[in-house]
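Me: Can you walk me through the charged pairs in this one? I'd like to go pair by pair.

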Amino acid sequence: MTYEGLEMAVKARHLTLLGGFHPTQQDDVPQGCRTLLMLGPDEPHFWPAFMQSPEWLDGDDDPMDRCSTRVIGEWAGELGAEALYPFGGPPFKPCYSWALRTGRIHSSPVQLLVHDTAGLFVSFRGALAVREEIVLPHAPSSPCIHCTSKPCTTGCLSSALTVEGYDVPMCKDFLGTPAGTENMTLGCNVRRVCPVSQCFGRMPAQSAYHMRQFKGA
Ligand code: B12
Ligand code: SF4
Ligand code: SF4
C-alpha cells in the first residue's frame, strides 16, 4: 500500500487525499492505527458525481453524509482499514486536530483550516485509519506565510468571522437577510476571498448545498 496508489484509488471515487500523519499516543485515533489519512472532495469532479449518486437521487435527508459513508466505508473494507467520519456526532471525531497533525493543513488567521491546494475551502468527507505505516509525501507549509494582504481577515460580509473569533448566531442571522443571499448561493465570502480557494475549482452549487445544511431551516 503506497500513498500514490491510494491517491489513484481514491480519485476513482471522486475524493482526494488531503494529507496524513503517523499517530503517537497523544492522538485520538483507533487502536492499531499507524497512518491516518484525511479524505476530501476531488474538485471539480466531486459534485457532478454526487448528483448521480443513489443517495442524492432518493431524496432522503443527509444525502452527502450517506454517500460518503457508503463510498469510504466500502473502500476501507477492501483495504482492511477503518473508516472514520466528520459527521455523526456529538461526540465528533477531532478532525480539526487531525488536520493540523498532517502538517499540510493549517490554522488560518480566522481559525478556519487552510490547505495548500484547497485553501479555505478545505473540508473532509472522511478519514482512513490504516494499520500499515505508509510513507507520506512532503507537507507544504502554510500558504498564509506568503499571503501579504490576508483578505480572509476582512472578508466577512457581516463581521461575524474575524481574527477576534466566530460569532455563529450573527453569521446565521445575516444569512437569513437579503444581503446574505450571496453567501448562501456562492459560499462564505471569507472562504471565497482566499487566493488559494479561488484556484481550487469548488462548484458554487456545492457551496450552496453546504450553506443550506449549515444555516438549517
Ligand atoms: C461543530 C462543528 C461546527 C460548529 C462549531 C465549530 C467549532 N467552533 O468547532 C459550527 C456549526 C459553527 C460549524 C460551522 C462551520 N463548519 Co464546522 N464543524 C464542526 C464539526 C462537526 C465538529 C467540531 C468538533 O467539535 N470536533 C470535536 C473536537 C473535540 O475536536 P477538534 O475538531 O479537534 O476541535 C477543534 C475545532 O473545534 C477547532 N475550532 C475552534 N473554533 C473553531 C471555529 C471554526 C469556524 C472551525 C471550523 C473550527 C474551530 O478548535 C478545536 C480544537 O483544536 C467539525 C467536524 C469534525 N468532526 O471535526 C466541522 C468542521 C470543523 N467544520 C467545517 C466546515 C466546512 C464548517 C463551515 C464552513 C460549514 C459550511 N458552511 O460549509 C461552517 C463555518 C461557517 C461559515 N462561515 O461558512 C470543516 C472545516 C472547514 C475549515 N476549512 O476549517 C469541518 C472539519 C467539517 C468537515 N466535514 O470538513 N462547524
Ligand atoms: S487569505 Fe491568505 S492568510 Fe487568509 S487563509 Fe488564505 S492564504 Fe491564508
Ligand atoms: S457566511 Fe457570510 S456572514 Fe457568515 S462568516 Fe462567512 S462571510 Fe461572514
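This is a predicted model: local features need pLDDT of at least 70, side-chain atom pairs count only at pLDDT 80 or more; totals for chains, interfaces and linings use all residues.

Me: What does D27 pair with?
Reply: D27 forms a salt bridge with R101, and the closest N and O atoms are 2.9 Å apart. The two come from distant parts of the chain, 74 residues apart: D27 is in the loop between β1 and β2, while R101 is in helix α5.

Me: And is D27 buried or exposed?
Reply: D27 has a relative accessible area of 15%, so it counts as buried, the cut-off being under 20%. R101 is partly exposed, at 34% relative accessibility.

Me: OK, next one. Which residue does E43 bridge to?
Reply: That's R202, with 3.3 Å between the closest N and O atoms. E43 lies in the loop between β2 and α2, and R202 in the loop between α9 and α10, 159 residues apart.

Me: Are those two buried or exposed?
Reply: Both E43 and R202 are buried.

Me: Switching to R125: what's its partner, and how far apart are the closest N and O atoms?
Reply: R125 forms a salt bridge with D65, and those atoms are 2.5 Å apart.

Me: Where do R125 and D65 sit?
Reply: R125 is in the loop between β5 and β6 and D65 is in helix α4, so the pair ties together parts 60 residues apart in sequence.

Me: What about accessibility for R125 and D65?
Reply: R125 is buried, at 7% relative accessibility, whereas D65 is partly exposed, at 23%.

How values were computed
Residues are numbered from 1 along each chain as its sequence is written. Chains are lettered from A and ligands numbered from 1 in the order in which they are written. Side-chain values use heavy atoms; hydrogens and water are left out. A salt bridge is a side-chain nitrogen of Lys or Arg within 4 Å of a carboxyl oxygen of Asp or Glu. Helices (H or I, at least four residues) and strands (E, at least two) are DSSP runs, numbered from the N terminus. Buried means under 20% relative accessible area, exposed over 50%, partly exposed in between (1.4 Å probe, protein chains only).
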